[in-house]
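Please keep the 3D view open while you read.

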Amino acid sequence: MKTTPGDGPRVVALVPAAGMGVRLGENKPKAFVRVGGSPMLTLAVQGLIDSGSVDDVVVMVPAELVAETQALLPVSTVPVHVVAGGAERTDSVRAGLAAAPDATLVLVHDAARALTPPALIARVVDALRAGARAVVPALPVADTIKSVDDTGAVTGTPDRSGLRAIQTPQGFDAELLRAAYAVGTQATDDAGLVEMLGTTVHTVLGDALAFKITSPLDLVLANTLAARGDTPDTAGGLDTTRAGVTAS
């Protein structure tokens, strides 16, 4: 059951948006590239607000874009703060944590997952409120996965039934995430840092629309979906097969 922001633990969503996204081939930070006429960052923040599950949003952008970013963000009763991010994603998340000292629960959400349905965000928060200390959205892996050595030779074929593709928002007990970042180690995602502390990371069902817009082809797909109206405002009940995307 979706809960109301302000009822119980304070939920703050952090949105790292300082990266350039070289693979996308644009000459601007990836979060500012437009999808369906709106910057990815705007859509991602709107999805968080529409979930009805967060009390505050903190956006981390390049220092020189702090002032102009505020004008791109949705007007809402949910406060949205803009702070300077860092050179690396981990630096940006640290800046976001510093800007949210009163957070009880924290979501870390990629701006590049601009079409994430609000219902997915609510699922993550509901799992946290139910007692999980770390929660990530996950989808079954559709492709066969091979491990390879430095020469590209195949060394094995993992059983994909036990594999999952992980999305965002990733949700955490705030003190747990702060402790993970205090260690100063590196991981490919925030959940990886938490795993190093020995904490169990739980999963909830992800959504095909929460794909990360990384390549030019991803951008074409995102714009096609936005043109059809499959945006965070409407995608919560979308059948992913109707969008031409399969989850398994």
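A crossing of two helices is called left-handed if the near helix is turned anticlockwise from the far one by less than a right angle, and right-handed if clockwise. Keep that in mind for the second point below. Please also remember that this is a predicted model.

1. Let's begin with a pair of helices. H3 and helix H5, which covers residues 174-183, have axes that come within 11 Å and cross at roughly 135°.

2. Which hand does the crossing of H3 and H5 have? The crossing is left-handed. On the H3 side, the contact is made by Arg89, Thr90, Val93, Arg94, Leu97 and Ala98, and on the H5 side by Leu177, Arg178 and Tyr181. Sorted by class, the contact of H3 with H5 has five nonpolar residues, three charged and one polar.

3. Now to the largest pocket, which holds about 560 Å³ of space. It is lined by 27 residues, and the closest to its centre are Pro16, Gly19, Glu88, Arg89 and Lys212.

4. Which helices each supply at least two residues of the pocket lining? They are H3 (89-98) and H6 (190-195). The largest share, three residues, comes from H3. The lining as a whole divides into twelve nonpolar, eight charged and seven polar residues.

5. One last spot is worth a visit. Most peptide bonds are trans. Thr168 and Pro169, however, are joined by a cis peptide bond, with omega about 10°. To find Pro169, look in the loop between strand E10 (164-166) and strand E11 (170-173).

Conventions: Residues numbered from 1 in each chain as written. Predicted model: local features only at pLDDT ≥ 70, side-chain atom pairs only at ≥ 80, totals over all residues. Heavy atoms only, no water. 1 Å grid on protein atoms, 1.4 Å probe; cavity = no way out; pocket = protein on both sides within 12 Å on 5 of 7 lines; lining within 4 Å. Points joined across faces, edges and corners; volume = space filled by probe spheres on them. Helix = DSSP H or I, 4+ residues; strand = E, 2+ residues; numbered from the N terminus. Nonpolar A, V, L, I, M, F, W, Y, C, P; charged D, E, K, R; others polar. Axes fitted to C-alpha atoms, helices over the stretch in contact; angles between N-to-C directions. Contact = heavy atoms within 4.5 Å.
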